[in-house]
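The tour goes from one selection to the next.

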Amino acid sequence: MSAESPLSNDPPPHPGAVLRNRVLPELRLTVTQAAQELAIARQTLHRVLAGKAAVTPEMAARLARLCGMPAHFWLDLQLAHDLWHAQHALADTLDRIPAHALPDTLKTDILTRHGRT
């Protein structure tokens, strides 16, 4: 991989792990209670908690309401988790893709216009 995107050896946590290990215990909610309050099937929540299902925008909105952590927090965790796994799975392929550099001014403009500063 290029020096621009070094890969960490440790994957970011799946949002389900944060929910399972930190949020639900702090709220003193069982999986059954949380699933009921989220208006989802218990099996659906179990799959998220086990890292077998992704946090979708819909689930992120539900979790934001449940615990007050913004929906973007949950989606950012999911994105970081998924991206790490994709970059590791594609590492050899990514190394063979030529890197073309955009001018810094264009990168800044694109990032600014799309809310990613």
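**Stop 1: the buried face of α3**

Select L45, V48 and L49 in α3: these residues are buried. Look down the axis of α3. Its buried residues fall within an arc of 95°, so they line one face of the helix. Keep in mind that this is a predicted model.

What do the buried residues of α3 pack against? Show α1 (15-27), α2 and α4 (57-67); the buried residues of α3 pack against these helices.

**Stop 2: α2 against α3**

Now select helix α2 (residues 31-38) together with helix α3 (residues 42-49). The two pack at an angle of about 110°, with their axes 9 Å apart. That makes α2 roughly perpendicular to α3, because angles from 65 to 115 degrees count as such. The crossing of α2 past α3 is right-handed.

On the α2 side, pick V31, T32, A34, A35 and L38. On the α3 side, pick R42, L45, H46 and L49, which they meet. Colour by class: the contact of α2 with α3 divides into 6 nonpolar, 2 polar and 1 charged residues. L45 and L49 belong to this contact, and both are also among the buried residues of α3.

**Stop 3: positive phi in the loops**

Go to R28, in the loop between α1 and α2. Phi of R28 is near 55°, a positive value in a residue other than glycine. Is R28 buried or exposed? R28 is exposed, with a relative accessible area of 71%.

Next, pick A39, in the loop between α2 and α3. A39 has a phi near 60°, again positive in a residue other than glycine. A39 is exposed, at a relative accessible area of 59%.

Then step just past α3 to G51. The phi of G51 is positive, about 75°.

**Stop 4: α4 against α5**

Select α4 and helix α5 (residues 71-89). How are these two helices placed? They pack at an angle of about 130°, with their axes 7 Å apart. That makes α4 oblique to α5. The α4 and α5 crossing is right-handed.

Show the contact residues. From α4, take P57, A60, A61, L63, A64 and C67. From α5, take A71, W74 and L75, which they meet. By class, the contact of α4 with α5 has 9 nonpolar residues, with no polar and no charged ones.

Methods: Residues numbered from 1 in each chain as written. Predicted model: local features only at pLDDT ≥ 70, side-chain atom pairs only at ≥ 80, totals over all residues. Heavy atoms only, no water. Axes fitted to C-alpha atoms, helices over the stretch in contact; angles between N-to-C directions. Helix = DSSP H or I, 4+ residues; strand = E, 2+ residues; numbered from the N terminus. Parallel < 35°, antiparallel > 145°, perpendicular 65-115°, else oblique. Left-handed = near helix turned anticlockwise from the far one by under 90°. Contact = heavy atoms within 4.5 Å. Nonpolar A, V, L, I, M, F, W, Y, C, P; charged D, E, K, R; others polar. Buried < 20%, exposed > 50% of the residue type's maximum accessible area, 1.4 Å probe, protein only. Arc of directions from axis to C-beta.
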